[in-house]
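Reader: I'm new to this one, and I'd like to learn how to read its features. Could you walk me through them?

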Amino acid sequence: MQGDEACAEGAIAAGCRFYAGYPITPASEIMTHMVRRLADVAGVFIQMEDEIGSISSVIGASWAGAKAMTATSGPGISLMTEGIGYAVITETPCVIVDVQRAGPSTGQATRPGQGDVMQVKWGPHGDNEMVAFAPWSVQEMYDLTIKAFNFAERFRVPAFVLADEAVGHLRETLVVKEEVEVFDRFKAPNLPPFGTEAPNGVPPMPAFGEGANLLVTGSTHDPWGFRKTADSAVQARLTERLVLKVQDFKSEVIETEAHLLEDSEIAVVSYGFTARAALQAVKSLRKEGTKVGLLRLVSIWPFAEEAIAELGKRCRVIFVPEMNRGQVAGELKKYTTTPVISLPKTNGEVIEPAEIVEGIRRYEV
Amino acid sequence: MNEKIFQMINPQSFPTPFCPGCGHGILMGAVLRAIAELEYDMKKMLFASGIGCAAWIPSPHFKADTLHTLHGRAIAYATGAKLFNPKLKVMVISGDGDLSSIGGNHLIHAARRNIDMTVVCANNGIYGMTGGQVASTTPIGSRTITTPGGNLERPFDLCKLVEASGATFVARQPVATPVPLTRTLKRAIAHRGFAFVDVPSPCPTQFGRRNAFRTAYDMIKALKDSCIPVEKAKGLAPAELRGKTIVGEFVNSTD
Amino acid sequence: MEEKKSKKKKVSQIHINQKWCKGCYLCLEVCPKKVFEKSKEVSEKGFTPVFVAHPEQCTACLQCEMLCPDLAINVQKEN
């Protein structure tokens with residue numbers, strides 16, 4: 001099965017019953033697959049007039065009670081960014097798949113890239129804390145899409161699947177479990193839907209048509225949804241809670257995978273399709289006796305600060321190969337003083353194991 | 001005769017933030033009256049709006065599910081909600097700039113789809129909330145803060161735009177004549193398919209003061225005096241229609 | 001300021017919510033029977049509202065109620 005198709009399968013397995021999208025290479029296959037699969041499960045599909053319409057109708061459908069998703073690539077994320085910010089402040093669960101391609105702008109539509117890592121988090125103005133996963137296989141396109149839905153529902157945030165064209169168009173075997181663990185949004189009819197003093201910081205979420213007299217708004221609002229655009233205390237509480245509700249539980253989201261790191265002096269940190277080459281590079285360097293290991297980032301946001309800090313203590317240098325000019329490499333530098341060497345490749349082609357090996361050797365000389 | 005209407009609002013959000021004499025306040029009452037006369041259940045309705053003074057008509061004043069979205073996007077948000085729960089009776093109430101400028105694309109596509117919703121455009125021919133900038137509906141020659149020498153651009157005829165896009169109910173009634181307005185709103189709300197009502201609604205603060213209207217009533221009176229029913233307008237030349245507000249139903253189809 | 005009720009019960013009782021009235025005077029201008037006049041007092045919101053000066057002249061046409069942008073006028077028809 002193709003990676004894009006596996007992503008759609010994961011969405012259906014997670015309970016997604018609404019999809020709105022707009023054609024864009026290399027994500028269109030997700031939309032095509034969702035048309036067929038949503039018909040199987042009596043879901044709802046619409047191809048909207050643009051990406052802004054897509055994210056908008058996804059949010060509207062989520063408030064009508066749906067687990068809703070859209071998929072796009074870099075240019076589409078740029079268009080959806082305002083809507084993503086709206087999902088942040090209204091605490092609307094939704095899943096956005098970004099099958100990254102070579103950018104910036106129109107770039108190379110049919111070629112892979114990893115240049116949207118910062119954009120999905122920092123694109124919307126203001127602060128946020130959201131969830132993003134980077135699949136490296138067709139299996140993960142399925143598994144991590146399910147995870148994205150579950151965290152979206154749990155935290156009431158927009159959640160991203162940060163794929164890339166390489167893994168999106170890859171064909172591999174997919175193993176589908178009979179039973180999938182699915183998390184549903186918290187419901188409590190008489191509690192305010194936009195504020196809480198509960199420790200997990202996540203209010204209940206009614207749906208339209210339940211008689212809740214919902215006041216959904218993108219303006220700063222009190223726990224009942226009334227606009228409070230001149231109230232400093234409300235603004236402070238809202239902006240803090242929106243971030244803390246994820247940050248306080250980030251250890252339950254953050255997922256990394258260690259390969260050959262036990263006795264490493266050198267580390268490679270990688271994610272997405274690139275991590276496949278990174279693993280290969282690490283294995284071949286090990287054969288020559290280099291004590292090198294790989295830390296694969298499965299989740300990108302919230303960022304694995306502690307894992308990086310820990311890694312920096314044990315290793316004397318960290319290499320970060322990525323299909324961008326050093327976005328995650330730059331993020332690593334916030335959490336460790338150990339030298340972080342960026343190995344960027346932005347020619348629209350995937351990074352090869354030999355290139356990573358060469359990059360490490362060049363530094364070591 | 002407002003007893004029923006008082007049950008349909010959130011009283012803690014009154015008095016409204018609208019300026020004294022704002023046409024949008026009149027429209028707010030007309031919408032509530034229409035729903036009350038239709039005996040629709042507010043619990044089954046969804047009111048979506050964008051950004052601007054008009055978008056504050058339903059949010060937070062209506063005691064119902066309200067969806068205050070982003071500038072220009074109310075129709076797209078409402079489309080998602082309606083498709084997932086078709087039982088919702090969906091109304092979009094927003095301004096002319098919101099619906100036809102930044103939101104123009106969603107407007108024409110929703111009309112093309114003939115999706116079952118009612119879109120009410122509170123049309124004051126200006127961007128009021130942000131201080132009175134020119135809009136896609138501002139008359140030629142009007143003064144606004146971004147057209148201090150008089151607007152050079154031609155305005156949309158929103159009814160023609162939406163009709164051409166495929167809407168199956170298109171009408172115009174101003175706030176100056178609240179009885180025909182309420183009647184038309186009822187027909188639009190009850191219509192199955194995409195219904196659009198252009199509601200000219202004066203903005204005394206941003207438009208009126210810059211265009212030699214001394215009071216809110218002066219604007220209401222001028223608006224009322226400019227009205228000409230669609231049947232009468234058919235026989236007139238364009239020059240005779242300049243400055244006139246053509247009112248009535250332009251499209252009412254059950255396709 | 002308290003709600004002012006008309007003293008003479010003829011065709012209608014007109015209630016003006018002084019807290020919601022913004023003194024735009026649409027009602028005053030549109031009333032065919034000149035029922036309203038501008039109040040000399042200032043409301044707690046800083047507006048000079050209207051008051052029902054000639055309640056006996058009201059015909060319950062409801063133009064004032066329908067044109068009020070603030071839902072501040074409620075006309076109750078007498079049976």
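**Reading loops, sheets and contacts**

Author: Let's start in a loop: A:Pro26 sits between strand 1 and helix 2 (28-40) of chain A. Helices (H or I, at least four residues) and strands (E, at least two) are DSSP runs, numbered from the N terminus. Before we go on, this is a predicted model, where local features need pLDDT of at least 70, side-chain atom pairs count only at pLDDT 80 or more, and totals for chains, interfaces and linings use all residues. Residues are numbered from 1 along each chain as its sequence is written, while chains are lettered from A and ligands numbered from 1 in the order in which they are written.

Reader: Which peptide bond is cis at A:Pro26?

Author: The one that joins A:Thr25 to A:Pro26, with omega about 5°. There's another cis bond from A:Trp301 to A:Pro302, where omega is near -5°. A:Pro302 also belongs to a loop, the one between strand 12 (299-301) and helix 10 (305-314) of chain A.

Reader: Is C:Tyr25 buried or exposed?

Author: The idea is to count neighbours: a residue is buried if 20 or more other C-beta atoms lie within 10 Å of its own, exposed if 12 or fewer, and partly exposed in between, with C-beta atoms placed from the backbone. C:Tyr25 has 20 other C-beta atoms within 10 Å, so C:Tyr25 is buried. A:Asn213 has 17, so A:Asn213 is partly exposed.

Reader: How do I read the sheet, and what order do its 9 strands have?

Author: Start with pairing: two strands pair if DSSP finds at least two bridges between them. Here the order is 8(A)-2(B)-1(B)-3(B)-4(B)-6(B)-5(B)-8(B)-7(B), in an open sheet with mixed pairing.

Reader: How many bridges link strand 8 of chain A to strand 2 of chain B?

Author: There are 3 bridges, and strand 8 of chain A runs parallel to strand 2 (residues 65-68) of chain B. In one of them, A:Val216 has B:Leu67 as its bridge partner. Within chain B, strand 5 (residues 169-172) and strand 6 (residues 194-200) are parallel too, joined by 4 bridges. There, B:Phe169 is partnered with B:Ala195.

Reader: How many residues of chain A are in contact with chain B?

Author: In general, two residues are in contact if their C-beta atoms, placed from the backbone, lie within 7 Å. By that rule, 35 residues of chain A are in contact with 29 residues of chain B. Helix 3 of chain A brings the largest share of chain A's side, 9 residues. The contact between chains C and B takes 19 residues from chain C and 17 residues from chain B. On the chain C side, helix 2 of chain C gives the most, with 3 residues.
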